[in-house]
Amino acid sequence: MARFLVVTDTPGIKQFVFGTDALAEVRGASALLDRLNREDTADCLGQSPQVHITTVFANGGTGQFIVEAPDRRQVEEALDRLAAYYRQETGGEMWPLAGVAEWPETADYRTAVRMAYEHLHLLRNWGSCRLSIPTFPLVLECQSTSHLPAVGVYRWSGEQLLLSQASQCKRNESRRARRGILWSGWMAFLDESLGSQGQFYESADDLRPSTTVDIGDYAQRRGYIGLIYADGNAMGRLVQELNSPEVCQAFSELVDSSVRDACYEALSVVCELEIREVRNALQTGDHPRPLPADILLLGGDDLLVLLPAERALDFALNATAAFERLTRERQAQLPEAARRFFAERGLADRGLTISCGVALGPANYPFYLLRDLAEELLQSAKRGGSVDPQRTDYWAPSYIDFHQLAGSVSQDLSLIRQEDYRTDSDHPRTLRPYRRDHLEQLRQAALRLQQAKIPRSKLHDLFEAALEPRWFLAQTRCRELFGRLREDNSHHERRGLWEALRTVRQPIDLFSYPWLKNGQRSPTALADLVEAHDLFSDTNRSNWCAGEDA
């Protein structure tokens, strides 16, 4: 028997999952790919009695397997069988690519991994062009994914929809609420934490919102949602240096389990009030309202979550802190070789980190555009971490960037930041992206500003003044508006704004207001602070105690 190392990838995941605005298809596609990746890939590869499969890891759309087979032909036949199975399950839209490298007993593991990935990259380059879909001259388009032909009428929630085979596969998978680790995983986490004896898990279908509008209805600014996109920092560098299958497996399980549990912990904090209401309803036999959240992607080091707008940044703060804590604490349970791997790279006392992009907008806004914005914000956050003074070769602090859609014609984040927030000038109108501890300061500042009870009209004027393109005019206007704020025994608007600005990052004085004293480049947090005023809610932030009675 020969030994091979196989690495798999699933190109086009984002287009498959997020190529539609229908929430049912988004969550169905995510759950479908999660099942195919985690459960079915190894089973499909090992169908032949002549092929023996050992899974190193399989999550996040990727995988690594040790395959023992008589020869390479048997391995390639198994991979062809896997590709056919993926096409069948996804309506012909998805198929995995696999890089194969021989791994003799005397060969180095990292060399075999490198050769397998080189083969994978070659296949990816060959298959980078999208295959054309053969159709007749006259066809009906799929109502969800217009680039595909409809294959029939599909009944969904009282509607009759013309859908492609791929869209039907996604919707069928979305009905299986208890499959995989997405929504049902959180329900099981709540049952275990609250000691509710499976009540949340059994009610999983009823507790999951049907549409983004359902989530937006919970927002203080009714109809607004937040999409949080998270991804690991410095993971690529670490993956390249994994030096054995055991270390690779331990690393993958540590990251995957920690991002999952960090997501569940953070959701439990920001949805605490609704969780308590659901628990009370289940105990009394009443019908509970759905929870105001949805998990759209969860695997590897990736995370995509929907929440009411004012809970999104709180979730990002909780999730980034929980992930770093969990990866630090769980290293003690890893095999010796894995603990040594982390220690040699200065991670034993730090843990790993993730960064987040948070896009906020109307619930009926085209979902794929909101997702694209969240991805841009995530990349901005990761760039912030890459230049942070605390970074190392294997570690970067968690950064979070956010943007609230306000009717801007351009959806290009870099253009918005340059034209509206003057990020290329000596007086930027934003401090974004924020390191996690700095965003916590912004949160505290926003709560101070809420306590000052400044009228919304005055907050709007302050925001517009901060974004005035001409710096001297912006400063003059901001000072004029500051002087108009009320300050007496009953009103503390001026003091509230002053103290809120002082809470953010660095002190200011009367001569620099509202710009921070920061060397040659002096930014202002005024616009960020006014935006954050409605993006944090003290009622959704508490020390959530899993075992505490409602």
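1. Helices here are DSSP runs of H or I with at least four residues, and strands are DSSP runs of E with at least two, both numbered from the N terminus. By that count the protein has 21 helices and twelve strands. The model is predicted: local features need pLDDT of at least 70, side-chain atom pairs count only at pLDDT 80 or more, and totals for chains, interfaces and linings use all residues. Residues are numbered from 1 along each chain as its sequence is written, and side-chain values use heavy atoms, with hydrogens and water left out.

2. Confidence. pLDDT is the predictor's confidence in each residue, from 0 to 100. Its mean over the protein is 89, and 93% of the residues reach 70 or more. Residues 540–550 fall below 50; this stretch still has 29 contacts in the model beyond near neighbours in sequence. A contact means heavy atoms within 4.5 Å. Where pLDDT is low, the predicted coordinates should not be read in detail.

3. Overall form. The radius of gyration, taken over C-alpha atoms, is compared with a globule rule of 2.2 Å times the number of residues to the power 0.38. For 550 residues a compact globule would come near 24 Å; the protein has 25 Å, which agrees. Along the principal axes, the C-alpha atoms fill a box of roughly 85 × 60 × 55 Å. Among contacts with a separation of 6 or more, 71% join residues 24 or more positions apart.

4. Burial. Buried means under 20% relative accessible area, exposed over 50%, and partly exposed in between, with a 1.4 Å probe and protein chains only. Of the 550 residues, 55% count as buried.

5. Strands 1 and 4. Strand 4 covers residues 97–102; five of its six residues are buried, so the rest of the structure largely encloses it. Strand 1 (residues 2–9) runs antiparallel to strand 4, and six bridges join them. Two strands pair if DSSP finds at least two bridges between them. Phe-4 has Glu-102 of strand 4 as its bridge partner.

6. Salt bridges. The term means a side-chain nitrogen of Lys or Arg within 4 Å of a carboxyl oxygen of Asp or Glu. The structure holds 44 of them. One joins Glu-105 and Arg-3, at 4.0 Å from N to O. Glu-105 sits in the loop between strand 4 and helix 4 (109–126), Arg-3 in strand 1, 102 residues apart. Glu-105 is exposed at 66% relative accessible area. Arg-3, at 19%, counts as buried.

7. A buried pair. Glu-25 and Arg-171 form a salt bridge at 2.8 Å, N to O. Glu-25 lies in helix 2 (residues 23–45) and Arg-171 in helix 5 (residues 165–174), so the pair ties together parts 146 residues apart in sequence. Both residues are buried.

8. Glu-480 meets Arg-484 in a salt bridge, with the closest N and O atoms 2.5 Å apart. Both lie in helix 19 (residues 471–484), four residues apart, about one turn of the helix. Glu-480 is partly exposed at 34%, while Arg-484 is exposed at 53%.

9. Helix 15. The expected span of a helix is 1.5 Å times one less than its number of residues. Helix 15 has 20 residues (367–386) and should span 28 Å; its end C-alpha atoms are 29 Å apart, which agrees. Its buried residues include Phe-367, Leu-370, Arg-371 and Leu-373. Arg-371 also belongs to a salt-bridge network with Lys-14, Asp-372 and Glu-375.
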